[in-house]
Amino acid sequence: MICLAKGFYTYDAFVQVARNFTGFGTTGSITDRKRVVAAFLAQTSHATTGGWPAPPDGPYTWGYCFKIERGNPDSRCKHGRALPARNIMDEAPSKFHKADPGFKFYGNYNYGPCGVAIGEDLLRNTDLVAADRVISFKTALWVWMTSTSKPQMPSCHDVILGKWKPSPSDIAANRLPGYGVITNILNGGSECGHGSDPRVEDRIGFYLRYCKILGVSPGENLDCGNQKPFGHLNSIYVE
């Protein structure tokens, strides 16, 4: 296996971008901070993995191997959800499933608001996510730090820090605080609520590896197999 993104995702770029997202890796106890970093690296490693069942050193050492999804169809999607700047959405249909910015983006409803948030025109320049390592990490951290209202979902960051408190409907859906809820936020409509799923197991495997490296316990509720998804298609629809 050749990691085509070798040299693209760098430590310096990650640290540079992380400093611009208030609270990332700097909030809470040392345990909290380590879990934040472990969980972020685990989910992004899963999205960019080059691993297979029995690679050298195990499947969870092969994260950050790709910056463009393998087998990616260079098709274009229909216009996504409208932003306040509706004309931008109408004028620039984004690529359906192009880059792996640590998380794989789907359509205008990710590229549009993320571009506005980080100050880049990602609707007209979707390839920036796979061409610029700083922008790639910015998009990944935007996903990590963003909560949504339709459906109501917390940010991944608040979940791993223990700031999110489940509502009665969350509890009824078995969505309890822990790493599993992060997977539910990111791709619950596809991966959660139907028992064992190899994609979920891969996410957990990466997380346990990073927790071991950083010397921190992973906490509880790592799986989402018994959790109902937040929505049919989660608003931040990434893998």
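## An aromatic cluster

F8, Y9, F14, F24, F40, Y64, F137 and W144 come together as one aromatic cluster. Rings of Phe, Tyr and Trp (its six-membered ring) pair if their centres lie within 6.5 Å; planes under 30 degrees apart count as stacked, over 60 as edge-to-face and the rest as tilted. By this rule there are 12 aromatic pairs.

This is a predicted model, where local features need pLDDT of at least 70, side-chain atom pairs count only at pLDDT 80 or more, and totals for chains, interfaces and linings use all residues. Residues are numbered from 1 along each chain as its sequence is written, and side-chain values use heavy atoms, leaving out hydrogens and water.

## F14 and its two partners

Let's start with F14 and F40: their ring centres are 5.7 Å apart and their planes at 10°, so this pair is stacked. The pair links distant parts of the chain, with F14 in helix 1 (residues 11-18) and F40 in helix 2 (residues 30-47), 26 residues apart. Helices here are DSSP runs (H or I, at least four residues), numbered from the N terminus. F14 is buried at a relative accessible area of 12%, and F40 is buried at 0%; buried means under 20% relative accessible area (1.4 Å probe, protein chains only).

F14 also pairs with F137, with centres 5.5 Å apart and planes at 45°, so that pair is tilted. F137 lies in helix 6 (residues 133-145), 123 residues from F14. Like F14, F137 is buried.

## Charges over rings

The charged end of R175 sits over the ring of F230, 4.4 Å from its centre. For this, CZ of Arg or NZ of Lys must be within 6 Å of the ring centre and within 35 degrees of the ring normal. R209 likewise has its charged end over the ring of Y210, 5.7 Å from the centre.

Notes:
Helices (H or I, at least four residues) and strands (E, at least two) are DSSP runs, numbered from the N terminus. Buried means under 20% relative accessible area, exposed over 50%, partly exposed in between (1.4 Å probe, protein chains only).
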